[in-house]
Amino acid sequence: MTTAESNKRSDFYVLPTEDPDARRRFLCKVLEKVVALGHRIYIRTDDETQARQLDEWLWDYQPEAFLPHSLLAAGLNSPIEIGYGDSKPDHREVFVNLALEIDELALEFNRTIEIVVQQTEILEATRANYRRYQGQGYEIHMNDMRRKG
């Protein structure tokens, strides 16, 4: 394993609900923390519709908060950029995967984040993503938010 690979980290946040809004709310908490640390973030979605919905949602999520973001296609170079398909940001800092599958681009980033809700399709996709990150030498951190009985 090279030094660059050994510094790569992937965080999985496993939420106890299947509610997609919980996924977006938790995403906002993560974004606030990562931006406060001075990192740039690329959020990959499945398609243009999902990217535009997330863009609108981030503008409205809390009146007293501001997450500096834009669609990658707008070319504004925001701290948080939202994209899909073949779009690529000009940095490789933090990759947040809201798409089901990861592509080769994700593996170029130093840090990846997956937010998991209890929906079959998302659970299956993130299990596959976990194995892929692990196979690429990422240090995996599981953050299980479900209550332990």
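How many aromatic pairs does a search of the whole structure find? The search finds eight, and the legends below present some of them within the predicted model.

**View 1. Overall fold of the predicted model.** The protein comprises four helices and seven strands, arranged along the sequence in the pattern α-β-α-β-α-β-β-β-β-α-β. Its radius of gyration is 15 Å, close to the 15 Å given by the globule rule for 149 residues, so the protein is as compact as a globular protein of that length. Along the principal axes, the C-alpha atoms fill a box of roughly 40 × 40 × 30 Å. Of the 149 residues, 43% count as buried.

**View 2. The aromatic pair of tyrosine 42 and phenylalanine 95.** The ring centres lie 5.8 Å apart with the planes at 55°, so this pair is tilted. Tyrosine 42 belongs to strand E2 (residues 41-45) and phenylalanine 95 to strand E5 (residues 94-97); the pair thus links distant parts of the chain, 53 residues apart. Tyrosine 42 and phenylalanine 95 are both buried.

**View 3. The aromatic pair of tyrosine 42 and phenylalanine 109.** This pair is stacked, with 6.4 Å from centre to centre and 20° between the planes. Phenylalanine 109 lies in the loop between E5 and strand E6 (111-116), 67 residues from tyrosine 42 in strand E2. Tyrosine 42 and phenylalanine 109 are both buried.

**View 4. An aromatic cluster of four residues.** Phe12, Tyr130, Tyr133 and Tyr138 together form one cluster.

**View 5. Surface and charges of the protein.** The protein exposes about 8,200 Å², of which carbon and sulfur atoms supply 48%. The mean positions of its 19 positive and 26 negative charges are 6 Å apart.

Methods
Residues numbered from 1 in each chain as written. Predicted model: local features only at pLDDT ≥ 70, side-chain atom pairs only at ≥ 80, totals over all residues. Heavy atoms only, no water. Helix = DSSP H or I, 4+ residues; strand = E, 2+ residues; numbered from the N terminus. Rg over C-alpha atoms; globule rule 2.2 N^0.38 Å. Buried < 20%, exposed > 50% of the residue type's maximum accessible area, 1.4 Å probe, protein only. Areas by Shrake-Rupley, 256 points an atom, 1.4 Å probe, with all protein chains shown as cover. Lys, Arg positive; Asp, Glu negative; His and termini not counted. Charge placed at Lys NZ, Arg CZ, Asp CG, Glu CD. Phe/Tyr/Trp six-rings, centres within 6.5 Å; stacked < 30°, edge-to-face > 60°.
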